[in-house]
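The structure comes first, and the explanation follows.

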Amino acid sequence: MKQERLESLLMTIDRLGIVKIKHLQHIHKLGSYRNACKIINGLIDYTHQKYWNKEKIIYLNEKGRKLIDSEHSVTMSLNTEHYLLRNDIYIHFNCPQDWVVEYTIESVADAPSRSDIIIQGVKPSNKKKVITDAFFTRNGYAYLIEIDNKLNMADNRKKVQKYAEVLPLVRKDFQSVPVLHFFTTTENRRKKLVAWLKENSIRHEVNTFNKIDDKIH
């Protein structure tokens, strides 16, 4: 395998964390699934290749990380399904160039009042932040991605409330009001999320995972 292709594949794996063969097949246009499997097998020295729900998944080993100078260390865990769904959404949005995972949105702290300092005895932090599963921009719009594949609905409601607190404070940081895209598992959960987002005046779109384009399946 040519060095350029090798490094390109490893950099994609590094960027996404854990991938399926079908993810790499689509992103790098590797042709048939059989051909993609052959190419991925050529990465064996630089990756861990294991099975998750009867499907091969790939992530970098130490040698692979060293080759592309990556500081990201990933292992199979309870978050594996979350990573794979996030990759599906990355492809659903046609692989945004500025896609960033675990993106922190944080407000600038207001200066604490004198009474705050006197009462608490320490300088309080008034910063508010929320970590979105992924972030990208397109045509002047900012897109925030939330993946609901295992949270209970009480946690989802708290996450919506965090967005409601933070987004008005950081609006000036974006060219336009960010769009929060929630992807969830069932129609009942989708309806609840829509209601909460509307209640908090958050610009949004909520879909179930089965609405994602089937081009990688």
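At 4% relative accessibility, Arg86 counts as buried (buried means under 20% relative accessible area, exposed over 50% and partly exposed in between, with a 1.4 Å probe and protein chains only). The model is predicted, so local features need pLDDT of at least 70 and side-chain atom pairs count only at pLDDT 80 or more, while totals for chains, interfaces and linings use all residues. Residues are numbered from 1 along each chain as its sequence is written, and side-chain values use heavy atoms, leaving out hydrogens and water.

The side chain of Arg86 meets that of Glu102 in a salt bridge, 3.2 Å from N to O (a side-chain nitrogen of Lys or Arg within 4 Å of a carboxyl oxygen of Asp or Glu). Because Glu102 lies in strand S4 and Arg86 in helix H5, the pair ties together parts that are 16 residues apart in sequence (helices, H or I with at least four residues, and strands, E with at least two, are DSSP runs numbered from the N terminus). Glu102 is partly exposed, with a relative accessible area of 43%.

A second salt bridge joins the side chains of Glu146 and Lys159 at 2.9 Å, N to O. This pair links distant parts of the chain, with Glu146 in strand S6 and Lys159 in helix H7, 13 residues apart. Glu146 is buried at 3% relative accessibility, and Lys159 is buried at 18%. Arg190 and Glu187 also meet in a salt bridge, 2.9 Å from N to O; they are three residues apart in helix H8 (residues 187-199), which separates them by about one helical turn. The whole structure holds seven salt bridges.

Some of these residues return in the largest pocket, which holds about 270 Å³ of space. Among its 15 lining residues, the closest to the centre are Glu102, Ile131, Asp133, Glu146 and Lys159. On a 1 Å grid over the protein atoms alone, a pocket is an open set of points with protein on both sides within 12 Å along at least five of seven lines, a cavity is a set where a 1.4 Å probe fits but cannot get out, and lining residues have an atom within 4 Å of a point. Grid points are joined across faces, edges and corners, and a volume is the space filled by probe spheres set on the points. Strand S5 (129-138) is one of the elements that supply at least two lining residues, and S5 gives the most, with four.

One cavity of 30 Å³ or more is found, and the largest cavity has a volume of about 50 Å³. Its lining includes Ile13, Asp14, Tyr59 and Arg65. Helix H1 (3-16) and strand S3 (55-60) each supply at least two of the lining residues.

The aromatic rings form seven pairs (rings of Phe, Tyr and Trp, the last by its six-membered ring, pair if their centres lie within 6.5 Å; planes under 30 degrees apart count as stacked, over 60 as edge-to-face and the rest as tilted). Tyr103 and Phe135 are stacked, 4.1 Å centre to centre with 10° between the planes. Tyr103 is in strand S4 and Phe135 in strand S5, 32 residues apart. Phe136 and Tyr143 are stacked too, at 4.8 Å and 10°, and both are buried. Phe136 and Tyr143 belong to one aromatic cluster that includes Trp99.
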